[in-house]
Amino acid sequence: MAKYFAKRLGMALLTILLVACVTFLLMNAVPGSPWLSEKTPSEATLAALNAKYGLDKPVPVQLVKYLGNLLHGDFGVSLKMQKNRAVSSIIIEMFPISAKVGAIALLWAVLVGIPLGCLAAFKRGKLTDSILRVVCTLGISMPSFVVASTLLVVFAGGLASLKFFPTIFDASLGWRSYVLPCFSLGFYPMCYTARQTRSAMLDALNQEYIKTARAKGLKNKKIIFKHALRNALIPVITYLGPQVAFTLCGGFVVESVFSIPGLGRYLVQSIQNRDYPVIMGTTIFVASFVILMNLVVDLLYRLADPRIDLTKGGE
């Protein structure tokens, strides 16, 4: 097992390095500058700013310097959004807000999606299954900004009689501020989880051990939730691993629609303002989180199915 973790750690470091290099090169390939705005500074001012932050050097030199600082845990400082503030402190401030909204969204998505998938599989071909398939297909097809905008129109002021929730996120208002963003953020994962669960459950219910359990006279509830669901969870866990990382790090569109002061919305703003260190730091943070969740997924495989041998995964 130690060899397995050492191998995964090496792959993780290589992946983060590649992500950092590709992001840095693509970011600098896009025309523009952090200093360009409605009132463009003079040439002398631009030259001084570029020299101060090292932007006057060739891109390969900038990349090598950034990677060197990264090895020491230095993500640099914000150039424009919060000038001269450490990127790491910005991430530490913004991430908990995104994580709280994302955790609530994922919690309800999993708690609703898995039972609905089991119900659809058990009621295969019936009206219940057809309705759930239509709802899940609709949820997967609709972009999150459409869901968020629809909820705003219906429940937050678009209709005069249904002003139940605030249009702008405000944590001081309590649970009412979390309802629409969490529903918008969790609707797609819920629908996808339900579809994955249904497909995996249908496969599991056709296995010989399920037929044996039915022959023994076990109740359907016990067959589904004790025998079939455990094996059916493996593809669901595979999907939820990276999805957890992306959701907890902030739904870019949802946070922008509801003006949530989280990491996702801040990343969008930093891209618009060419704040290079913030873009790099946030991208590397999200990539590291995704890698971590993939490792957690591998460990959860063992809990779902003890027959899985992680040490033989790459052989």
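**Pocket**

I took a pocket, on a 1 Å grid over the protein atoms alone, to be an open set of points where a 1.4 Å probe fits, with protein on both sides within 12 Å along at least five of seven lines. Grid points are joined across faces, edges and corners, and the volume is the space filled by probe spheres set on the points. The model I searched is predicted, with local features needing pLDDT of at least 70 and side-chain atom pairs counting only at pLDDT 80 or more, while totals for chains, interfaces and linings use all residues. I number residues from 1 along each chain as its sequence is written, and side-chain values use heavy atoms, with hydrogens and water left out.

I find that the largest pocket has a volume of about 420 Å³. Its lining counts 21 residues (those with an atom within 4 Å of a point), and the closest to the pocket centre are Tyr53, Tyr66, Asn69, Gly76 and Pro277. H1, H3 and H12 are the elements that give two or more residues to this lining, and the largest share, five residues, comes from H3. I sorted the lining into 12 nonpolar, five polar and four charged residues, with Ala, Val, Leu, Ile, Met, Phe, Trp, Tyr, Cys and Pro counted as nonpolar, Asp, Glu, Lys and Arg as charged, and the others, Gly among them, as polar.

**Chain**

I looked up the elements next and found 12 helices and zero strands, where helices (H or I, at least four residues) and strands (E, at least two) are DSSP runs numbered from the N terminus. The C-alpha atoms fill a box of roughly 85 × 60 × 30 Å along the principal axes. Of the 315 residues, 40% count as buried, that is, under 20% relative accessible area, with exposed over 50% and partly exposed in between (1.4 Å probe, protein chains only).

**Cores**

For a nonpolar core I took buried Ala, Val, Leu, Ile, Met, Phe, Trp, Tyr and Cys residues joined through side-chain atoms within 4.5 Å. The largest such core has 34 residues, of which Tyr66, Phe95, Met280, Ile284 and Phe289 touch the most other members. Helices H1, H3, H4, H9, H11 and H12 each supply at least two residues of this core, and H12 gives the most, with 10 residues. Leaving aside neighbours within four places in sequence, I find Met280 in contact (heavy atoms within 4.5 Å) with Ala20, Thr23, Phe24, Met27 and Tyr66.

**Aromatic rings**

My search of the whole structure gave nine aromatic pairs, taken as rings of Phe, Tyr and Trp (its six-membered ring) with centres within 6.5 Å, and with planes under 30 degrees apart counted as stacked, over 60 as edge-to-face and the rest as tilted. Phe95 and Phe285 have ring centres 5.1 Å apart and planes at 75°, so I log this pair as edge-to-face. This pair links helix H4 to helix H12, across 190 residues. Phe285 and Phe289 have ring centres 6.3 Å apart and planes at 55°, so the pair is tilted. Phe285, at 24% relative accessibility, counts as partly exposed, whereas Phe289, at 14%, counts as buried. I note that Phe95, Phe285 and Phe289 form one aromatic cluster.
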